[in-house]
Amino acid sequence: MADKTDTSAGLSKEERDAVKQRAKELREQEKAGKNRAAGEKSVLDAIAQLEPDDKALAEGLYRVVTEVAPDLVPKTYYGMPGFANADGKMVLFIQPAKKFNTRYATIGFEDKAHLDDGDLWPVAFAVRNWTPAVEQKITELVRTAVG
């Protein structure tokens, strides 16, 4: 049995698992179409399976996005909770720390997010705890991303 650091074919076990998860998601999403309820169920199921620390972060992000950007559609992204625009294109997601055994979770914004600021701007944010200050910053980022 390969350990976590096995990098056959250039990918770690975690990366290969994520690719398999994404293929499964695409098949399920094709069956469901742009059904908001199906996407919401898949995201809530993904959140429910997270470790407690990652779960608190994902729940915070879910709460902010559903309040600030209700037009975004919940959708999993490589098994991670995320949100897509009306065209089904991913706008933002959370990468739990445990997914790739990193020391912090990451909230990432894809190119459909309107965070442009000159010639250089951040599109991913490390987050370790969901605090009022983090919630405020993420709320501002989500508003900007969909604005």
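The model is predicted: local features need pLDDT of at least 70, side-chain atom pairs count only at pLDDT 80 or more, and totals for chains, interfaces and linings use all residues. Residues are numbered from 1 along each chain as its sequence is written, and side-chain values use heavy atoms, without hydrogens and water.

Start with helix α2, residues 36–48. Helices (H or I, at least four residues) and strands (E, at least two) are DSSP runs, numbered from the N terminus. Helix α2 has 13 residues and reaches 18 Å from first C-alpha to last, close to the 18 Å expected at 1.5 Å a residue. That expected span is 1.5 Å times one less than the number of residues.

Gly 39, Val 43, Ala 46 and Ile 47 are the buried residues of α2. Buried means under 20% relative accessible area, exposed over 50%, partly exposed in between (1.4 Å probe, protein chains only). On the other side of α2, Ala 37 and Lys 41 are exposed.

Now the aromatic rings. Rings of Phe, Tyr and Trp (its six-membered ring) pair if their centres lie within 6.5 Å; planes under 30 degrees apart count as stacked, over 60 as edge-to-face and the rest as tilted. The count comes to four aromatic pairs. Tyr 77 and Phe 93 form a tilted one, with 5.1 Å centre to centre and 55° between the planes. Tyr 77 lies in strand β1 and Phe 93 in strand β3 (residues 90–95), so this pair ties together parts that are 16 residues apart in sequence. Both Tyr 77 and Phe 93 are buried. Tyr 77, Tyr 78 and Phe 93 form one aromatic cluster.
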